[in-house]
Amino acid sequence: MGSLVLDLQQEVLKPDCDILNALRKAHLIAAKLKLTEFDSWIQRELNGYKHTQRNDIPEYRNVKGTLKAFNPYHGWIPAQCLDDEYEQMICEQKMWQPIGELQELYNQSSGSSFIYQFPAGQMEALSSIFDTPIPMQFALHISSHLLKSIIEKVKNCILEWTIKLENEGILGEGMRFSQEETTIAKTVPQQINNYYGPVVNGNVKQSQIVSGNHNTISFSYEQTNELLKNVKEAIKSEQLSREDRETAEELIEDAEAKIASKKKLGIIRAALTGLKDFLIGAGANVAGGLIIQYLSQIIV
């Protein structure tokens with residue numbers, strides 16, 4: 001009779017491997033062996049990481065691209081933020097979509113790259129940074145091979161996992177695992193970082209500055225309030241957990257209270273810096289970047 005584990009190995013090694021089918025078989029094996037941690041990863045690959053905190057999305061799903069703006073007269077043209085740290089945060093994204101969507105996106109990508117569209121709230125936040133004579137649409141242009149790399153890393157994880165199972169004598173004959181196999185399976189590593197190596201992504205290309213507000217601005221309570229309104233709008237499109245979203249709202253309320261009380265610039269700057277650090281740590285890069293841009297421009 002056939003072996004579940006060996007059949008999965010053969011599936012993954014096929015040149016035309018169906019990654020969705022391979023993940024479903026892996027889910028069946030993990031569920032039968034009661035390997036909940038590894039099965040959780042499988043289901044996230046199948047269903048996506050939409051409600052997962054950025055830091056909990058595997059590193060192999062990290063991609064880098066080139067920020068471009070769509071000019072009605074000239075098409076897509078390079079764009080670059082004044083702040084290098086902010087540019088890096090915007091140009092580096094984690095692909096949270098289900099593996100099936102990434103496969104379809106790779107199949108449909110024209111040429112050597114695909115376009116990553118920002119949500120409406122992030123688009124508005126980006127638009128506020130660039131002082132262009134006409135409204136522009138912003139997007140990341142990312143090399144298609146990075147999508148293929150994600151899919152290959154997932155296949156490698158599954159293959160390495162099945163090899164470890166086989167080495168422990170866990171094969172699953174006839175669609176079933178023995179009690180001994182189930183017990184031994186608990187000793188097999190379930191953490192995903194045991195099954196994939198370092199991921200090499202494309203570098204963020206150097207680009208020309210499209211346009212932007214290069215001037216410093218005098219500090220004012222009104223402008224700082226306007227900044228916080230833009231930050232709140234950008235947060236709506238960020239992938240934050242409920243807890244992180246509530247914390248961000250509390251930090252914003254604290255900053256607004258300090259502004260309403262006309263606190264000194266140093267106190268308000270400290271509040272904005274704390275909010276910025278929290279947002280970036282939680283993965284809200286666009287919202288955090290708005291604060292970086294503002295702090296780099298204001299003068300007393």
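How many helices and strands are there in the protein? There are 12 helices and seven strands, where helices (H or I, at least four residues) and strands (E, at least two) are DSSP runs numbered from the N terminus. Bear in mind that this is a predicted model, so local features need pLDDT of at least 70 and side-chain atom pairs count only at pLDDT 80 or more, while totals for chains, interfaces and linings use all residues. Residues are numbered from 1 along each chain as its sequence is written, and side-chain values use heavy atoms, with hydrogens and water left out.

Let's take the whole chain before the parts. Of the 300 residues in the protein, 47% are buried; buried means under 20% relative accessible area, exposed over 50%, and partly exposed in between, with a 1.4 Å probe and protein chains only. Among contacts (heavy atoms within 4.5 Å) between residues at least 6 apart in sequence, 76% join residues at least 24 apart.

Ile150, in helix α7 (residues 145-167), gives a local view. Ile150 is buried, with a relative accessible area of 1%. Leaving out residues up to four places away in sequence, Ile150 touches Tyr60, Arg61, Val63, Met95, Ile99 and Leu102. Arg61 sits 89 residues from Ile150 in sequence, yet their C-alpha atoms are 5.9 Å apart.

Helix α2 (residues 19-32) and helix α5 (residues 99-108) have axes that come within 9 Å and cross at roughly 165°. That makes α2 roughly antiparallel to α5. Axes here are lines fitted to C-alpha atoms, for helices over the stretch in contact, and angles run from 0 to 180 degrees between N-to-C directions; under 35 degrees counts as roughly parallel, over 145 as roughly antiparallel, 65 to 115 as roughly perpendicular and the rest as oblique. From α2, Ile19, Leu20 and Leu23 meet Ile99, Gly100 and Gln103 of α5. The crossing is right-handed.

Now for α10 (residues 242-260). Asp244, Ala248, Ile252, Ala255 and Ile259 of α10 are buried. They cover an arc of only 75° around the axis, so they sit on the same side of α10; the arc is that of the directions from the helix axis to the C-beta atoms. An α-helix has 3.6 residues a turn, so residues three or four places apart point the same way. The other side of α10 has Arg242, Glu243, Glu250, Glu253 and Ala260 exposed. The buried residues of α10 pack against α9 (221-235) and α11 (265-282). After α10 comes Lys262, with a positive phi near 60°.

That brings us to α11, whose buried residues include Leu265, Ile268, Ala271 and Leu272. Seen down the axis of α11, the buried residues fall within an arc of 135°, so they line one face of the helix. Just after α11, Gly283 takes a positive phi of about 95°. Next is helix α12 (residues 285-295), whose axis comes within 8 Å of that of α11, the two crossing at roughly 150°. The contact involves residues including Leu272, Leu275 and Leu279 of α11 and Ile291, Ile292 and Leu295 of α12. α11 and α12 are therefore roughly antiparallel to each other.

Key:
Left-handed = near helix turned anticlockwise from the far one by under 90°.
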